[in-house]
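The sequence and the structure are shown below.

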Amino acid sequence: MEDISGKKKQPMYYFQESKSVDVQESAKLLAKASGVVALTGAGISVASGIRPFRGKGGLWEKYDPEEVANINNFIRNPAASWVALKEIMDVVEVALPNPAHLALAALEQMGILRSVITQNVDGLHQEAGNSFVIEFHGNTRRTICLECRAVYAVGEINMDSLPPYCPACDGVLKPDAVFFGETIPRTALEQARTEIQSCRIALVIGTSGMVEPAASLPFLARDYNAVVIEINPERSFLTPRVDYFLEGRAEEVLPLLVEQIKNLAGK
Ligand code: OAD
């Protein structure tokens, strides 16, 4: 197996003593790359105060997604779902990009990162400055009318009583996020596949790799000969099949990578 540096490549997993080696190796690869794509999950927004879905302290310890974010339940009883969803949306509304988001924006500025495919619904990559962000699971800063499909920014609609209704047709408004029982927006799916199939390096950050079809994207990248670098403080479902596993928090590892890339490039 060869990597883009032309060297023979063995999968490298993180052990305490090899962590800095893996970060250095990854920085070297990234420094000379251009078609890099990032796939992000809830872990990248933890430092912005948004809890992840799974694991300790996860969002789903409090709410059962099959209830509050299930499209059939929502249609049956939108008011009940909205009470929980509003609580989550209020946290997202005030969250700010953290050093991990800013590092990805810096990688784009440096001509290295081409696009971000995110499973997050918080809009923080755009706020950090990334220009091509594929929202795989939608965005809760928007709502969509179940009847006429009109889309409104959350700030534009009246939330005094729940559920909110469409100002145009009086249909029920739903957060513009993908719910259980719904499919991935077609454009997002097509764009993500195109980006992944043509990238040289896939950076997989803060995702447990448990939800399809997003979880298959790193493997698709590998099938198309990309190097896959994962950043996560814990091993995920993806870890056994990535090329480099940088064990650590995104808000620490990504700025470190950017710093090392700058040093390598003499910037
Ligand atoms: P999960 O909550 O399943 O996984 C979060 C991952 O982030 C875990 O692997 C954590 O170890 C890791 N993590 C925690 N803190 C981190 C940090 N500071 N830096 C980096 N990583 C960290 O979230 P997702 O994989 O994004 O779908 O979940 C996928 C989808 O499941 C979500 O998009 C959501 C849910 O169903 C929809 O809403 C449609």
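Glutamate 135 lies in strand 3 (residues 133-135), a strand being a DSSP run of E of at least two residues, numbered from the N terminus. The structure is a predicted model, in which local features need pLDDT of at least 70, side-chain atom pairs count only at pLDDT 80 or more, and totals for chains, interfaces and linings use all residues. Residues are numbered from 1 along each chain as its sequence is written, and side-chain values use heavy atoms, without hydrogens and water.

Valine 92 belongs to helix 4 (residues 78-94); helices are DSSP runs of H or I of at least four residues. The table gives the relative accessibility of both residues, where buried means under 20% (1.4 Å probe, protein chains only).

| Residue | Relative accessibility | Class |
|---|---|---|
| Glutamate 135 | 15% | buried |
| Valine 92 | 3% | buried |

Leaving aside neighbours within four places in sequence, glutamate 135 is in contact (heavy atoms within 4.5 Å) with Thr118, Gln126, Arg142 and Ala188. Valine 92 and valine 121 are separated by 29 residues in sequence and by 8.4 Å in space, C-alpha to C-alpha.

Helix 5 (residues 99-109) packs with helix 9 (residues 250-265) at an angle of about 30 degrees, their axes being 7 Å apart. Helix 5 and helix 9 are therefore roughly parallel, a term for angles under 35 degrees. Residues making this contact include Leu104 and Leu107 of helix 5 and Leu254 and Val258 of helix 9.

Methods
Buried means under 20% relative accessible area, exposed over 50%, partly exposed in between (1.4 Å probe, protein chains only). Axes are lines fitted to C-alpha atoms, for helices over the stretch in contact, and angles run from 0 to 180 degrees between N-to-C directions. Angles under 35 degrees count as roughly parallel, over 145 as roughly antiparallel, 65 to 115 as roughly perpendicular and the rest as oblique.
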